[in-house]
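Student: I am new to this structure. Can we go through it in short questions and answers?

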Amino acid sequence: MQILRDSELRYRRLFEAAQDGILILDARTGMIEDVNPYLEKMLGYSRKEFLKKKLWEVGAFRDIKASKEAFEALQENEYIRYEDLPLKTKAGRLIQVEFVSNVYQVGDEKVIQCNIRDITARKQAEAALQLLNTELEKRVEERTNELRNAQEKLLRKEKLAVLGQMAGSLGHELRNPLGVINNAIYYLKNIQPDADAQIKEYLAIIELETHNADKIISDLLDFSRVKSVNSIDAESVTVSDLVQRTLERFPAAENVDVTLKIPENLPAIYVDPYQVTQVLGNLVLNACQAMNNGGKITLAAKKKGNMVAISISDTGTGITPENVENLFEPLFTTKPKGIGLGLTVSQKLTEANGGRIEVKSEPGNGSTFTVWLPIC
Ligand SMILES: Nc1ncnc2c1ncn2[C@@H]1O[C@H](COP(=O)(O)OP(=O)(O)O)[C@@H](O)[C@H]1O
Ligand SMILES: [Mg+2]
């Protein structure tokens, strides 16, 4: 008897001093039989408010719809554990607890012991850590991007230096043989008007690719020349004249509709017409290339202050914001057969003529390139 009393006393002391909340329930009825001081303090309910009630009748547990079901599950399984259960204290503060229940046999009776540990601080620390981690990951990603961009820039600069040296001579050397090939195609087409379909098809391929190669050579030559545009042959020209010359020199693709919106009363501008048609032609060509399946180009013009804006809008692919930032970088291209010099050259030529180029674009919704030029 003495031994039993001793062990009961020891248990009592543990129960009273525990730094976890403990509840003892009658397993059969679910009534709370005992509660330790730590849990009273944690949840802010007095011992009286716990005793002889069912778990879900105590405020803190009332909101938990699952309480009753959990109790039933507990009766069946004799063990239940919640890693992270939100509870509300009597004062209305939300805390997070770890909740573990076991069923014990005591003599003839079964009791349930619930251990409830406040893990709010741990959860908050975990959340703070998670936040820090995310922040850190973001910073690493940003830094990696910066490095990648810097490296790409460096690479482009190196390529550019080499290209600058080679562009001119390479362009000249290639232009002649290409001219010969072109003449040969023309000749073959002339002497073989009735050639069979396959020969015609291959001739067309050679012609198209020669044309593509010629465009690349033009870009190279323009680039080598434009590196130091110091001579411009400016004269007074009208915008409609310039636009007309552009479309003659650089006709739009067959599947593209061109609409002109050039007001009659625009003042003349003072530019080098050859260079400006070059610029507008590059923009028309890019617009056509952005509309592989056909579309519409609108060439419009307006006066603002002492400048005239000539805009070329297309209904093509549009440009992503990241790409917009790089458009004028030499060698920036997204085309398998492009070399990415067209816009660099166009910008240089426009600036040499006292103007500037602006871009507005939305992916999927076409682009507008606007060339601002000075009036006379
Ligand atoms: N009208 C346009 N619509 C969509 N993308 C365009 C347009 N104009 C230019 N771009 C983009 O700008 C890039 C650079 O153009 P550019 O300097 O002319 O070089 P290239 O035509 O050889 O690629 C193109 O590869 C393309 O991604
Ligand atoms: Mg181009």
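Tutor: Start with a cut-off: buried means under 20% relative accessible area, exposed over 50%, and partly exposed lies in between. Keep in mind that this is a predicted model.

Student: Is threonine 210 buried or exposed?
Tutor: The cut-off for buried is under 20%. Threonine 210 has 6% relative accessibility, so it counts as buried.

Student: Which helix holds threonine 210?
Tutor: Look for the helix that covers residues 197-226. Threonine 210 has its place there, in helix H7.

Student: Which residues is threonine 210 in contact with, leaving aside neighbours within four places in sequence?
Tutor: Contact here means heavy atoms within 4.5 Å. With those neighbours left aside, the contacts of threonine 210 are Leu178, Ile181, Asn182 and Ile185.

Student: How far does H7 reach from its first C-alpha to its last?
Tutor: H7 has 30 residues. At 1.5 Å a residue, 44 Å is expected. The reach in the model is close to that, at 43 Å.

Student: What do the buried residues of H7 pack against?
Tutor: Thr210 is one of the buried residues of H7, and Leu203, Ile217 and Phe223 are also among them. The buried residues of H7 pack against H6, helix H9 (273-289) and helix H11 (342-352).

Student: At the start of H7, which backbone nitrogen does a side-chain oxygen of aspartate 196 reach?
Tutor: The oxygen comes to within 3.0 Å of that nitrogen. The nitrogen belongs to glutamine 198.

Student: Which residues make the nonpolar surface patch of about 320 Å²?
Tutor: Take one member, methionine 166, which has its place in helix H6 (residues 120-191). Methionine 166 has a relative accessible area of 39%, so it is partly exposed. The patch is made by Val162, Met166, Leu170 and Leu174.

Student: How many salt bridges does a search of the whole structure find?
Tutor: Side chains of opposite charge can pair when their charged atoms come close. A search of the whole structure gives a salt bridge count of 18.

Student: How far apart are the closest N and O atoms of arginine 12 and glutamate 16?
Tutor: Both residues lie in helix H1 (residues 2-17); they are 4 residues apart, so about one helical turn separates them. Arginine 12 is partly exposed at 30% relative accessibility, and glutamate 16 is partly exposed at 38%. They form a salt bridge, and the closest N and O atoms are 3.1 Å apart.

Student: Which strands hold arginine 81 and glutamate 98?
Tutor: Arginine 81 forms a salt bridge with glutamate 98, with the closest N and O atoms 3.5 Å apart. This pair links distant parts of the chain, 17 residues apart. Arginine 81 is in strand S3 (residues 79-88), and glutamate 98 is in strand S4 (residues 94-106).

Student: How many residues apart are lysine 123 and glutamate 126?
Tutor: Their side chains meet in a salt bridge, 3.5 Å from N to O. Lysine 123 is partly exposed at 21%, and glutamate 126 is partly exposed at 39%. Both lie in helix H6, about one turn of the helix from each other, and are 3 residues apart.

Student: Which residues do salt bridges that share partners join into one network?
Tutor: Arg12 and Glu16 belong to it. The network as a whole is Arg12, Glu16, Asp34 and Arg47.

Student: Where is lysine 52 found?
Tutor: Most residues other than glycine have a negative phi. Phi of lysine 52 is near 60°, a positive value. Lysine 52 counts as exposed because its relative accessibility is 56%. It is found in the loop between helix H3 (47-50) and helix H4 (59-62).

Student: What is phi of leucine 331 near?
Tutor: Leucine 331 sits in the loop between helix H10 (321-326) and H11. At 18% relative accessibility, it counts as buried. Its phi is positive, near 70°.

Student: How far apart in space are leucine 242 and threonine 277?
Tutor: Leucine 242 is in helix H8 (residues 239-249) and counts as buried, at 0% relative accessibility. Thr277 is one of the residues that leucine 242 touches. The two are 35 residues apart in sequence, and from C-alpha to C-alpha they are 6.3 Å apart.

Technical notes: Residues are numbered from 1 along each chain as its sequence is written. Chains are lettered from A and ligands numbered from 1 in the order in which they are written. This is a predicted model: local features need pLDDT of at least 70, side-chain atom pairs count only at pLDDT 80 or more; totals for chains, interfaces and linings use all residues. Side-chain values use heavy atoms; hydrogens and water are left out. Helices (H or I, at least four residues) and strands (E, at least two) are DSSP runs, numbered from the N terminus. Buried means under 20% relative accessible area, exposed over 50%, partly exposed in between (1.4 Å probe, protein chains only). Patches are made of residues with over 30% relative accessible area and no salt bridge: like charges are joined within 9 Å, nonpolar side chains (Val, Leu, Ile, Met, Phe, Trp, Tyr) within 5 Å. Accessible areas come from the Shrake-Rupley method with a 1.4 Å probe; for residues, only the protein chains shown count as cover. A salt bridge is a side-chain nitrogen of Lys or Arg within 4 Å of a carboxyl oxygen of Asp or Glu. The expected span of a helix is 1.5 Å times one less than its number of residues. A polar contact is a pair of N or O atoms within 3.5 Å; within protein, one must be able to donate a hydrogen and the other to accept it, and residues adjacent in sequence count only if both atoms are side-chain atoms.
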